[in-house]
Structures are given as structure tokens and as C-alpha cells.
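Walk through the model below, starting with its contacts and ending with its aromatic rings. Definitions are given where a term comes up.

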Amino acid sequence: MKKLETLLEWGGTRRDILFLILSALALLGSILDLKPFSFDLAWIAIVLCGIPIILEAFLGLTASFDIKADVLVSIALIASVIIGEDFAAGEVAFIMQLGGLLEDLTVSKARAGIEKLVHLTPRTARRLSGGKEEIIPSELVQAGDLLRVLPGETIPADGILLSGQTSVDQAVMTGESLPVDKGPGDEVSSGTVNQFGSFDMKAVRVGEDSSIQRMIRLVQSADAGKAKIVGLADRWATWIVVIALTAAALTWFFSGEILRAVTILVVFCPCALVLATPTAVMAAIGNAAKHGFLVKEGDALERLAQVSDITFDKTGTLTYGTPKVTAVHTARQDLSEKELYLSAAIAELRSEHPLGKAVVRCCKEVFGEEIPQPESFRMLPGKGVKSLVQGREILAGNLALLQEYKIQIPPSEVRKADRSLASGCTMIYVAANGIYWGFLALSDALREDAGTVISALKAAHITPVLLTGDHKNASQTIAHKLQIDEFLSGCLPEDKLAWIEKRQSCGRQVCMIGDGINDAPALKKAFVGIAMGGVGSDIAIDAADIALVNDELCQLPHLLFLARRMMFTIRCNLTFSMALNFLAIALAITGILNPVAGALVHNAGSVLVIIHSAFLLKWKKKG
């Protein structure tokens, strides 16, 4: 069904272009007074471009009494024909259809950056079953299936790479220009492309739960028609139709010249006014898509332009949401930090605990070498691990573990550990053969661009606020590093909701940025909700108005300035279209403009509004 709609839409566009070409040639022949037929060639333009307008106006009136621009255009067309101004009627119809085509192309181009996701869903998958490979439709892939992906193929589901080495083009999901190397254990996303080397993977999220389908659902909900200011422009258009008919009737009554009345109808069509907002909104949505944002609500950017406060969740938003070793401290002079670090990593190698995995991962990153297996390993739930490493019994865990094995920590070392704890770190204490060796401090790594983003928001007179469920020490450390003056720690979901409700009751408009299920109520309550689309939960994304697909927080200032620029463009469009309408009316009433000149002036205004909106597609704040 969707394919048929797409085909019909494209067929309609090609038909419109053909009709416009034929109409343009016919109007040119009419100007040159060519008469190959018994009628004026302008009638070709009237039939090809004018009849669709009249039919749409008739259907709108009879079906829902929808008085919009087409009604006034239809009246102007019919009146021009009645008084014998065939060329004026043809020209009005031609330029109206040209303006409509330009709007469609602008909107189409704006949405192209988003809608390309729809076409990236793979149609087939290679499933491995019983040692055999079979090609099946991608919608039949189930979670847990083993799949094989060959070079150049699109990955059919979200999953874990089991065997093979490759490089994956993730540009569609993350915006990264360079492919990302992948090996066993790495996650891969549906819709991304395998560059070279075949690999086997286990499907984890399939069908509607896959990354590409989540993005498609967001795409399909993007609708510029939801913008509040669009409704305002539509209401103005209705009144303008009434005013135009009244002005035309009065002009005819007092001047006795029906030509002036027809000209008023031609120039008073509120097309530019109606086009002013949707074209700007859709162009801005397209620009946002290029920078990693999917806008779910048409009026989200309008609301974003009005925010005064932006509240951030900490974990997964200002930070990466994964623990990282930030400090290694040895308590013995004969023990190097590297030896302590490696011993702890070997001891934790078989651990399934997130902190143990973080130690191993960070150790590999720092020293660039594989971690050897421990000689023995024992997991001590809730406390840590006990391993045999190079003949030494290594303990790595919390204070309860050391206390259980009666290992004493010197008071000076306790004070050093307390300083790390006060800064919000999580500690892993290490001991060998019953002697305290030192500790590793872990914390959630701050995003590199977080400080720049906060500075940019402050420069734009936006107040940043930190709302987090973490304890006070961790919250205070992050807030201090980022120079966020206002923060609230230990927040439950209802606490965030209450804070936002209280803030907005004071006349402040709040934008909430979060990623977790616990952020969903706040995202829904906020004036604007922005979810981290890459690491965020489905519930958080569904609750938000905007999703940041690639989690690149550095793009947030661009979105804010884009929203403000969009509103500036809309105001300029509305002001220009209203001023042009009333100026043209004054000239029509005095007889300076005839229907032909009036059509040129009026429709030129519509074209200029569309072109002005189209500039938003590539807009970027300078400096």
C-alpha cells in the first residue's frame, strides 16, 4: 500500500510538471497571439492548472465548509473568464500551481533527510539453522536467531556479533562519516551496512523493536501541520477570504468597474500567508534531521524557541552512562600503578559485574594488550571477586570484602579513598595475600562536549539545571565541572515531574533532556521533551517531542538556534505576505493593477515565501 502511495505521489508530481510545461508554452503562445485553434491558447492553462484548483475548492466547501485560499482563487478564475480576461485567468492558475509545486518540492526536500530511513529496512536475511544457511524475509527473523551478513549487505536486525571482523557504516543511525570496526561481542544495528568481511550475529531486537523501525515510527509522526501557528495562519486566511469578497463587491459598487473587483480577488488570495508557516516548519525539521534530531511534533520547534530552562538528566545524557576508571592509587612504594591496575583487571576478567567489566575494558584501552586469564576465579556476590593471579591471592571489591578477610587499611589511605568517594566515584579496593594494595576509582565518564554545550546555552540566556537520581556527591561534582549552578540530586521520577511542574507554574518554559524510563514522565510534562535516541529507552523516546538519534549532545545548541531562526523566518513570511496583500489591494482599488499584473504580484509573493523558507534547509549559525 505504501509503495502504491509513493508511486501515485511521484506520478502526481510528474503530471504537475508536465501540465506546467504545457501551460507555460500555451501562455507564451497567447502572448505572441498565436491562434492555431479557434480559442485562446490561455485556455489550455485554465483547463490543466485551473480546474484542479476549482475542484479542490468545491470539495473543501461541500465536504467541510472549508473556506481557504482555493475558494478565492476559484472565484478570481471564474470572474476573469466571465469578463473575457482569459490570459489573466490562465496566468493565475499557472502561477498558483507553480507555487504549489515549489511548496511540495520544498517539503519533499526537507523530509528527504528523514524519510530515507524508511527505505533502509532490509528485505531479506540469511538465517543459520542446523548448519545450513537460508534466505528468509526480514520480517520473519526472531529474537535469538543466528544470522549471517555478507559484505555490502544491510544488517537485518539489532544484535550481537558472534564471529568475524568487519567495519560497519553507521551513518544513517549515528551520522558518523567513517565506518566503525566491529568484532565479537560488539553490538550492531539494523539498517546499517556491512562494509567488508562476513560475520555471524545473534538477533536481539527484531521487527518493530529494531533501531531502524523505531526511527521510522518517529519519522511517520513528524507533521508540520501540528504547529499552533499554522492554525493561526489558516484562521487569518478564512477572514481574508471574507474581507476580499467584501472589498471586491464594494469596489465594483462604487467604481462600476468589474475589472478592479476581479483584480482585488486575484491579489487578495492569502496563499503566501498560508504557505508561510508549513514550509518553514518542514524545512527546519529537515535541517534538524541532518544534525541527528527527529522531530515528532510539528510544534516542538516552535515551543523550543520559547524555552527559558533546559533540565538535564545526568546518566546517559551529560555522561555516557558507562563506568570508567578515573584514578588508580597504590598504597605501597614498591608497587607501580600499572601492576596494581593489571592485577585487578586479571582478577576481574571473568566477572559479570558491570564494574568488573569496566576495569577490564579500561585496562585494555590504557595498555593496549590482552588481559591474561587468572589461575582461579571466584565470584563473591555483593562484595567482589577472589582470584589467583601469578601465584598471589587477589581480592578486588568493596570495603565489606576487605573487612570479611580482616584486611586493614591505613588511616591515611582511608582519607585518600574518602576524597574520591566525596567526588562521586565508586571504589574497588585491591588486596594481595592479605595485604592492602590500593584502590581503583570509577565514575561515569562525562561527555567531552558537555561543557561546551552548557556554555553555549548560557550564552543564549538559557538556564541549565541538573536533575538526577544520583547521590549528592556525584551530582555536585558533575554540576561543578560543567558550571551548572542549579542541581537536584536523589530525584525519583515524581520529584523531576514535580520540579518541572512547579517551575512552569512560575511562567518559565522548561525543556527536559533525558534517556531512561524514569525520565519519561518528566519528558512528557515538560514544555519540550528531548530523548537521547541512541542510548534512550523506548518509553523515553515515545514520551519525548524530539529524539537525538546519535546522542551527540554538541548538536543541541544548533537545534535551539534553529528553532529561533525558524520562528524569525515565519514572522518575516507572515509580515511580508500581509504587507504585500494590502499594498496590492490598494493598487487594485485605484486601478493601477489589472488582473494580469495582480496575478504576477500576488504569486510572486508566494514563491518568495517558499524560497525564503527553503533557506532553513541548510541554515547554520555563524560563529
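Of the contacts in the protein with a separation of 6 or more, 68% are between residues 24 or more positions apart; a contact means heavy atoms within 4.5 Å. This is a predicted model, in which local features need pLDDT of at least 70 and side-chain atom pairs count only at pLDDT 80 or more, whereas totals for chains, interfaces and linings use all residues. Residues are numbered from 1 along each chain as its sequence is written, and side-chain values use heavy atoms, with hydrogens and water left out.

The predictor's confidence in each residue, pLDDT, runs from 0 to 100. Its average over the protein is 82, and 85% of the residues score at least 70. Residues 1-11 have a pLDDT below 50, and this stretch makes 2 contacts beyond near neighbours in sequence. Residues 222-226 are also below 50, with 17 such contacts in the model.

The protein has 22 helices and 22 strands, taken as DSSP runs numbered from the N terminus (helices: H or I, at least four residues; strands: E, at least two). Of its 623 residues, 49% count as buried, where buried means under 20% relative accessible area, exposed over 50% and partly exposed in between, with a 1.4 Å probe and protein chains only. In helix α8 (residues 258-267), 7 of the 10 residues are buried, among them Ala261, Ile264 and Val267.

Strand β5 (residues 166-169) meets β6 over 3 bridges, and valine 168 has valine 180 of β6 as its bridge partner.

Which residues form aromatic pairs? Rings of Phe, Tyr and Trp (its six-membered ring) pair if their centres lie within 6.5 Å; planes under 30 degrees apart count as stacked, over 60 as edge-to-face and the rest as tilted. The count by this rule is 3 aromatic pairs. One of them joins phenylalanine 253 and phenylalanine 254, edge-to-face because the planes are at 85°, with centres 5.1 Å apart. Both phenylalanine 253 and phenylalanine 254 are exposed. Tyrosine 341 and phenylalanine 367 have ring centres 5.6 Å apart and planes at 75°, so this pair is edge-to-face. Tyrosine 341 lies in helix α12 (residues 337-348) and phenylalanine 367 in helix α13 (residues 354-367), so the pair ties together parts 26 residues apart in sequence. Tyrosine 341 counts as buried at 6% relative accessibility, whereas phenylalanine 367 is partly exposed at 24%.

Conventions: Two strands pair if DSSP finds at least two bridges between them.
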